[in-house]
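This briefing covers the pockets, the aromatic pairs and the contacts between charges and rings in one protein model. Please look over the sequence and the structure before reading the points that follow.

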Amino acid sequence: MNRKPSADDWPLEAVLEALKERGSEENRAGLARFGIDASNAFGVPMAVLRPFARQIGRSEDRALELWASGYHEARLLAILTIPPKALTDTQAWAWLADIQSWDLCDQLTNILAKRAGSEAMVGPLAEEEGEFLRRAAFALIAWRAVHAKTSPDTEFLAYFPLIKSGATDPRNFVWKAVHWALRQIGKRSASLHGPALQLANDLVSAQDKPSQRVGREAFRELDSAKVRGRLGLPDAP
């Protein structure tokens with residue numbers, strides 16, 4: 001019978017050495033092309049990190065050490081290997097406050113969105129001024145639209161004022177998360193598609209350019225035959 005790996009098998013130093021061995025300059029350059037600071041990265045792709053996370057197993061103490069190391073992939077591993085019960089709201093906020101890249105933000109909010117009650121973080125995050133804290137609000141909405149299967153439509157309709165407000169933020173990593181959230185809501189169900197499409201159309205007609213851009217990006221996908229067909233809706237007139 002195979003036993004589960006433990007932190008004793010994979011202490012911090014061994015994990016960091018393994019990351020160094022799995023990295024490459026080519027992948028580090030790829031991070032930079034995608035707008036991620038690679039100055040403290042090994043260059044290990046997610047396709048390698050995910051199975052490695054399963055190999056080393058979960059450990060709260062080691063996850064905290066990985067995060068504290070400051071290495072990019074070590075922080076991704078921390079997100080992937082912290083036990084769910086250890087990822088409290090307090091811990092999540094502490095990590096979110098450190099984040100300066102969209103991929104860490106999106107990976108952490110993906111995990112949070114699977115947890116009951118994570119919707120309570122959306123409003124406070126949207127009020128934050130930091131680019132990646134605000135991105136986290138809308139990334140969390142987008143992921144909840146995917147993972148929160150039993151949540152009612154009213155939860156997602158209630159996000160529309162936040163989306164309308166967030167759409168005015170011109171910062172690259174914010175506006176992209178705002179239209180991602182709106183698109184995911186509109187693709188969640190046939191009943192949410194119409195209201196989301198209408199909001200996208202309203203944003204196209206807004207006075208500010210960031211909102212117009214969010215509206216155009218969301219409307220283009222939501223009005224497509226592919227999305228309409230998947231939701232069992234007729235083609236656009």
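This is a predicted model: local features need pLDDT of at least 70, side-chain atom pairs count only at pLDDT 80 or more; totals for chains, interfaces and linings use all residues.

**Second largest pocket**
- Of the 14 residues that line the second largest pocket, L31, I36, M46, W102 and D103 are the closest to its centre.
- Helices α2 (25-33), α5 and α7 are the elements that give two or more residues to this lining.
- By class, the lining of the second largest pocket is made up of eight nonpolar residues, five polar residues and one charged residue.

**Largest pocket**
- About 330 Å³ of space lies in the largest pocket, which is lined by 15 residues, with R58, I79, L80, I82 and I111 the closest to its centre.
- At least two residues of this lining come from each of α3 (46-56), α5 (72-81) and α7 (102-113).
- The lining of the largest pocket divides into eight nonpolar, two polar and five charged residues.

**Aromatic pairs**
- The model contains six aromatic pairs, among them F42 with Y71, whose ring centres lie 4.7 Å apart; their planes meet at 25 degrees, so this pair counts as stacked, the cut-off being under 30 degrees.
- F42 sits in the loop between α2 and α3 and Y71 in the loop between α4 (60-69) and α5, so that the pair, 29 residues apart, links distant parts of the chain.
- F42 is buried, with a relative accessible area of 13%, whereas Y71, with a relative accessible area of 28%, is partly exposed.
- For W143 and W180 the ring centres are 5.4 Å apart and the planes stand at 80 degrees, and the pair is therefore edge-to-face, a class that requires over 60 degrees.
- This pair also links distant parts of the chain, with W143 in helix α9 (residues 131-147) and W180 in helix α12 (residues 172-188), 37 residues apart.
- W143 counts as partly exposed at 21% relative accessibility, while W180, at 15% relative accessibility, counts as buried because the cut-off for that class is under 20%.

**Charges over rings**
- R22 lies over the face of F52, at 4.4 Å from the ring centre.
- The ring of W175 has the charged end of R213 over it, 4.1 Å from the centre of that ring.

Terms used
Residues are numbered from 1 along each chain as its sequence is written. Side-chain values use heavy atoms; hydrogens and water are left out. On a 1 Å grid over the protein atoms alone, a cavity is a set of points where a 1.4 Å probe fits but cannot get out, and a pocket is an open set with protein on both sides within 12 Å along at least five of seven lines; lining residues have an atom within 4 Å of a point. Grid points are joined across faces, edges and corners, and a volume is the space filled by probe spheres set on the points. Helices (H or I, at least four residues) and strands (E, at least two) are DSSP runs, numbered from the N terminus. Ala, Val, Leu, Ile, Met, Phe, Trp, Tyr, Cys and Pro count as nonpolar, Asp, Glu, Lys and Arg as charged, and the others, Gly among them, as polar. Rings of Phe, Tyr and Trp (its six-membered ring) pair if their centres lie within 6.5 Å; planes under 30 degrees apart count as stacked, over 60 as edge-to-face and the rest as tilted. Buried means under 20% relative accessible area, exposed over 50%, partly exposed in between (1.4 Å probe, protein chains only). A charge sits over a ring if NZ of Lys or CZ of Arg is within 6 Å of the ring centre and within 35 degrees of the ring normal.
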